[in-house]
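Here are my notes on the model, as numbered points. Please read them with the structure open.

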Amino acid sequence: MEQAREWLRKAERIVALTGAGISAESAIPTFRGAGGLWRNYRAEDLATPEAFSRDPRLVREWYEWRRDLIAEAQPNAAHYALAELEQRAPGFTLVTQNVDDLHERAGSRRLLKLHGDIATERCQACSRERARVRSAELPRCECGGLLRPGVVWFGEALPWDIWRQSEEAVARASVVLVIGTSAVVYPAAGLAPAAVEAGAKVIEVNLEETPYSGGVSLSLRGKAGEILPRLLELE
């Protein structure tokens, strides 16, 4: 722990990469955990363009359920610790795989959302985005196209500009914190190995061992909401 604190104190540029595990501590189910099922559907079978084409009402209902969970959830100590780190470190960038707004509600501003934002909707026809509006009907864009959740589904490319900024931040970083990610969803899972190759100190914070664990500079086991405040000496 003290070694990690020292690296962070000396680092000019820090990147934090967060995954579903940090939001799970705020009671938002992960895709792969025991709470990741919904009506006996696997999330991986609903979060696809094909699923939306087959049954847009079913997919929309699932996303409304997820949005309601997020609205009721609160940022946890890990979210607040990262917001505090942003205030302390001018060269800080937060890259998240999560589509919720818990980082923003905790105060994070230098934020790159790799997988989109569940609070938005995007037109299938013209790609225009807008804030999500709750509706009993399938919503449509002004152009007539069907509106879908503004997130990146399995099989879709990440937003190019966000991905480019994330790669550049990792390439310049002195320290990269990898927090609550399963390390199996690509291309995001390639960021930590890229950081190692670029010479950064990579600190993993996770409840369990992941494919990253053997190749990072330091692995810290436990809840992010407990480890990050201690790591940043906020307690």
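1. Strand β8 (residues 201-206) is joined to β9 by 4 bridges, and the two run parallel. Within this pair, E204 stands opposite S219 of β9. Strands here are DSSP runs of E with at least two residues, helices are runs of H or I with at least four residues, and both are numbered from the N terminus. Two strands are said to pair if DSSP finds at least two bridges between them.

2. A word on the source: this is a predicted model, in which local features need pLDDT of at least 70 and side-chain atom pairs count only at pLDDT 80 or more, while totals for chains, interfaces and linings use all residues. Residues are numbered from 1 along each chain as its sequence is written, and side-chain values use heavy atoms, with hydrogens and water left out.

3. The β8-β9 pair belongs to an open sheet of 6 strands, in the order β3-β2-β1-β7-β8-β9 and with parallel pairing. At its edges are β3 (111-113) and β9 (218-221), each of which pairs on one side only. Direction ignored, neighbouring strands of this sheet are turned by 15 degrees against each other on average. Helix α8 (residues 160-172) packs on the sheet and touches β1 (14-18), β2 (92-96) and β3, its direction making about 130 degrees with that of β3. Axes are lines fitted to C-alpha atoms, for helices over the stretch in contact, and angles between N-to-C directions run from 0 to 180 degrees. Contact means heavy atoms within 4.5 Å.

4. How much of β2 is buried? Of its 5 residues, 5 are buried, where buried means under 20% relative accessible area, exposed over 50% and partly exposed in between (1.4 Å probe, protein chains only). F92, L94 and T96 point one way from β2, T93 and V95 the other way, and all are buried. On one side, β2 pairs with β1 in the parallel sense over 5 bridges, with V15 opposite T93. The pairing of β2 with β3 is also parallel, over 3 bridges, and there T96 stands opposite K113.

5. Another open sheet has 3 strands in the order β5-β4-β6, with antiparallel pairing. Its edge strands are β5 (129-131) and β6, each pairing on one side only. The twist averages 45 degrees from one strand to the next. Strands β4 and β6 run antiparallel and are joined by 4 bridges; C123 stands opposite L147 of β6. Helix α5 (residues 56-72) lies across β4 and β6, at about 145 degrees to β4.

6. The second largest pocket has a volume of about 180 Å³. It is lined by 13 residues, and those closest to its centre are G116, R122, E129, G150 and P159. Strands β4 (116-123) and β6 (147-151) each supply at least two lining residues, and β4 gives the most, with 4 residues. By type, the lining divides into 5 nonpolar, 3 polar and 5 charged residues.

7. The terms of point 6 are as follows. On a 1 Å grid over the protein atoms alone, a pocket is an open set of points where a 1.4 Å probe fits, with protein on both sides within 12 Å along at least five of seven lines; lining residues have an atom within 4 Å of a point. Grid points are joined across faces, edges and corners, and the volume is the space filled by probe spheres set on them. Ala, Val, Leu, Ile, Met, Phe, Trp, Tyr, Cys and Pro count as nonpolar, Asp, Glu, Lys and Arg as charged, and the others, Gly among them, as polar.

8. D117 is found in strand β4. Beyond its neighbours within four places in sequence, D117 is in contact with V99, E104, G150 and V151. From D117 to Q97 the C-alpha to C-alpha distance is 9.9 Å, at 20 residues apart in sequence.

9. Some backbone points deserve a check. The peptide bond from Y186 to P187 is cis, with omega near 10 degrees, and P187 is found in the loop between β7 (175-179) and α9 (191-198). A27 is not a glycine but has a positive phi of about 70 degrees. A27 is found in the loop between α2 (20-24) and α3 (43-46) and counts as exposed, because its relative accessibility is 60%. S127, in the loop between β4 and β5, has a positive phi of about 70 degrees although it is not a glycine.
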